[in-house]
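Subject: Structure handover and notes

Dear colleague,

Please find the structure below, followed by my notes on what turned up in it.

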Amino acid sequence: MAEPVCPVPHRPGAVSIFFVAKAAVFALGFWIWLLLLAVRGDEATGVHLIAATGAICTTLASVVLGARLALQRNAAVRHAELKRLLVDISWNAFAAAGNAEQPGKVVPFPSASHDGERTPHRGAGERVSVLDRGDRNRSDRGR
C-alpha cells in the first residue's frame, strides 16, 4: 500500500515575510542615506542623526522580525512532527489492542465498573472515582 501524503504543516506565511522584507528594505534605504551623508563630508547635523537612528532601528526591527519568523516556522515544524507522532502512537496502541492475543500485554482503557465491583459503604469525606460511580443516576450523585 502506498504511503499517504502528509499535509504540509502550518507555517507563517506571506504576511510575516512581507514585514521582514519591508523592514529590511527600509533599513537598506536608511543605511544608503547615512552612507551618502557621510561620503559628502559635511558636519554631523540633525539629518545625520535621523539617518543613523533610522538605520539602527529598522535594522534591529528586521532582525527581530526575521528571528521571530524563523522561530515560528521551527515551532510549526516541531508541532506537526509531534502531532504525527501522537497519531502514530495512538494508531499503534489501537492496532495492538485489536491484535492482542494475550490480554495482559495491553493496558485497557478505563471503563465503568460493574455493579458487583463497587464498594458499597464509604465515609462522608471519601472521594469517589469516576470508575467507582458506575451507572448511578443523578439523584445519587447529589448526596
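Throughout these notes, a residue is called buried when its relative accessible area is under 20%, exposed when that area is over 50%, and partly exposed in between, with a 1.4 Å probe and protein chains only. By that definition Phe30, at 22% relative accessibility, counts as partly exposed.

Before going further, please note that this is a predicted model, in which local features need pLDDT of at least 70 and side-chain atom pairs count only at pLDDT 80 or more, while totals for chains, interfaces and linings use all residues. Residues are numbered from 1 along each chain as its sequence is written, and side-chain values use heavy atoms, with hydrogens and water left out.

Overall picture

The chain has four helices and zero strands, where helices (H or I, at least four residues) and strands (E, at least two) are DSSP runs numbered from the N terminus. Read from the N terminus, the order of elements is therefore α-α-α-α. Of the 143 residues in the chain, 13% are buried. The accessible surface comes to about 12100 Å², and 65% of it belongs to carbon and sulfur atoms; these areas come from the Shrake-Rupley method with a 1.4 Å probe, and for residues only the protein chains shown count as cover. Taking a contact to mean heavy atoms within 4.5 Å, residues 24 or more positions apart account for 49% of the contacts in the chain with a separation of 6 or more.

The unreviewed UniProt entry places the feature "transmembrane region" at residues 12–34 and 46–71; its positions are given in the numbering used here, feature names are shortened, and annotations may be inferred rather than shown by experiment. In the model, residues 46–71 are 100% helix and 0% strand, and the end C-alpha atoms of this span lie 37 Å apart.

Aromatic pairs

A pair of aromatic rings is described by the distance of the centres and the angle of the planes. The rule applied here is that rings of Phe, Tyr and Trp (its six-membered ring) pair if their centres lie within 6.5 Å, with planes under 30 degrees apart counted as stacked, over 60 as edge-to-face and the rest as tilted. The count by this rule is two aromatic pairs. One of them joins Phe18 and Phe19 in an edge-to-face arrangement, at 5.3 Å centre to centre and 65 degrees between the planes; Phe18 is partly exposed because its relative accessibility is 47%, and Phe19 is partly exposed at 41%. Phe30 and Trp33 form a tilted pair, at 6.1 Å centre to centre and 40 degrees between the planes. These two residues are three apart in helix H1, so about one helical turn separates them.

Trp33 is found in helix H1 (residues 14–40) and is partly exposed, at 33% relative accessibility. Leaving aside neighbours within four places in sequence, Trp33 is in contact with Val47, Ile50 and Ala51, and the C-alpha atoms of Trp33 and Ile50, 17 residues apart along the chain, are separated by 10.0 Å.

Thr58, in helix H2 (residues 46–99), is buried because its relative accessible area is 15%. Not counting residues up to four places away in sequence, Thr58 touches Ala23, Phe26, Ala27 and Phe30. A polar atom of the Thr58 side chain also lies 3.4 Å from the backbone nitrogen of Ala27.

His48 is likewise found in helix H2, and at 14% relative accessibility His48 counts as buried. With residues up to four places away in sequence again left out, His48 touches Leu34, Leu37, Ala38, Asp42 and Glu43.

Salt bridges

With a salt bridge defined as a side-chain nitrogen of Lys or Arg within 4 Å of a carboxyl oxygen of Asp or Glu, the count comes to two. Asp42 is partly exposed at 44%, whereas Arg40 is exposed at 60%. Arg84 and Glu81 meet in a salt bridge at 2.7 Å, N to O, and both lie in helix H2, three residues apart, about one turn of the helix. Arg84 is partly exposed at 32%, as is Glu81 at 45%.

Conventions: A polar contact is a pair of N or O atoms within 3.5 Å; within protein, one must be able to donate a hydrogen and the other to accept it, and residues adjacent in sequence count only if both atoms are side-chain atoms.
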